[in-house]
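Please take a moment with the sequence and the structure below before reading on. The paragraphs that follow lead through charged pairs, a sheet, aromatic rings and a pocket.

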Amino acid sequence: MKIWIAIVLAALIVSSASAQTTVLYNPSLGTTPTAQGWIAFAAPLGGTSTTNTTETTLDTTSAVTDEAGYSNYTASLTPSLINSNFPVLNPAIGFTLNFNVQIDTANDPDTTRAGFAVILLGSDSKGVELGFWSNQIWAHNVGFATHSTPANFTTTGAFNQYALTILNGNYSLTANGTQILSGSTVNYVTPAPPYTLANYVFLGDDDMTDSGAEEIKTVSISVPEPTSGILGLGLAAAALVKRNKRR
């Protein structure tokens, strides 16, 4: 019986740990994020993007009114996915946006906005927008006039590996493996797109009052693997344990 209990536990552990990761940007390929086919650069109000074999640098410091960034949707009046195979981000089972970023310049005179932001919305269009300053990271509240209590964290001087996870109406941000920020997801509703889009990802400057420059090294999205086979093994093992108990 101990053997079958071990199998059940192993099955459950594998089930919870398995994830399917889609790499949205890999600098070692030597091409721009846009060329890799998952996210695309747009600069509707100004801004530049330059790529080498180690990172992509996004810069909106020429004017605070610049807006530029990378998203998995087209920048148009009727946005559509850059790649129709982009995974569904189901908040009931959870998903994680992984990104390795170093802030070079943070010009943030507007204390309700940020020159670098990350937006992650699930299949229900709910999620979170994070603002990155040189020494703090925080989440926008509904209406964008205020933000959450910030996490005191140095975003400049070195690359940091971030993981933004959404699950069951909550978000959690880790930096280099340590959780630094968490809260409830938000239904921003307005303004219109992108906040009404489903399965949405954005990294960049989406504000006309602040500006910044940052280096982006890697970006990926992880969702749970289909677990029917693993769970089936667990259920079968559990049934055998139950039968053994009857003997």
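**A guided reading of the model**

The structure holds 2 salt bridges, a salt bridge being a side-chain nitrogen of Lys or Arg within 4 Å of a carboxyl oxygen of Asp or Glu. This is a predicted model, in which local features need pLDDT of at least 70 and side-chain atom pairs count only at pLDDT 80 or more, while totals for chains, interfaces and linings use all residues. Residues are numbered from 1 along each chain as its sequence is written, and side-chain values use heavy atoms, with hydrogens and water left out.

In one of these salt bridges the side chains of Asp206 and Arg113 meet at 3.8 Å, N to O. That pair links distant parts of the chain, with Asp206 in the loop between strand 14 and strand 15 (211-224) and Arg113 in the loop between strand 6 (95-107) and strand 7, 93 residues apart; strands (E, at least two residues) are DSSP runs, numbered from the N terminus. The side chains of Arg113 and Asp207 also meet in a salt bridge, at 3.0 Å, N to O, and this pair too links distant parts of the chain, 94 residues apart. Side chains of opposite charge can pair when their charged atoms come close.

An open sheet of 7 strands has the order 2-5-14-7-8-9-10, with antiparallel pairing, and two strands count as paired if DSSP finds at least two bridges between them. Strand 2 and strand 10 (151-152) are the edge strands, each pairing on one side only. Strand 2 (residues 40-42) and strand 5 run antiparallel and are joined by 3 bridges, and Ala42 has Gly69 in strand 5 as its bridge partner. Strand 5 is also joined to strand 14 (residues 200-205) by 4 bridges, again antiparallel, where the bridge partner of Tyr70 is Leu203 in strand 14. In a regular strand the side chains alternate between the two faces of the sheet. In strand 5 (residues 68-71), Ala68 and Tyr70 point one way and Gly69 and Ser71 the other way, and all are buried.

Aromatic rings come next. A search of the whole structure finds 12 aromatic pairs, where rings of Phe, Tyr and Trp (its six-membered ring) pair if their centres lie within 6.5 Å, and planes under 30 degrees apart count as stacked, over 60 as edge-to-face and the rest as tilted. The rings of Phe116 and Phe132 have centres 5.3 Å apart and planes at 65 degrees, so this pair is edge-to-face. Because Phe116 lies in strand 7 (residues 116-121) and Phe132 in strand 8 (residues 127-132), the pair ties together parts that are 16 residues apart in sequence. Phe116 counts as buried at 2% relative accessibility, and Phe132 counts as buried at 1%.

The largest pocket has a volume of about 470 Å³; on a 1 Å grid over the protein atoms alone, a pocket is an open set of points where a 1.4 Å probe fits, with protein on both sides within 12 Å along at least five of seven lines, and lining residues have an atom within 4 Å of a point. Grid points are joined across faces, edges and corners, and the volume is the space filled by probe spheres set on the points. Which residues lie nearest the centre of the largest pocket? Of the 25 residues that line the largest pocket, Pro44, Ala75, Pro194, Tyr200 and Phe202 lie nearest its centre. Strand 2, strand 5 and strand 14 each supply at least two residues of this lining, and the largest share, 4 residues, comes from strand 5.

How values were computed
Buried means under 20% relative accessible area, exposed over 50%, partly exposed in between (1.4 Å probe, protein chains only).
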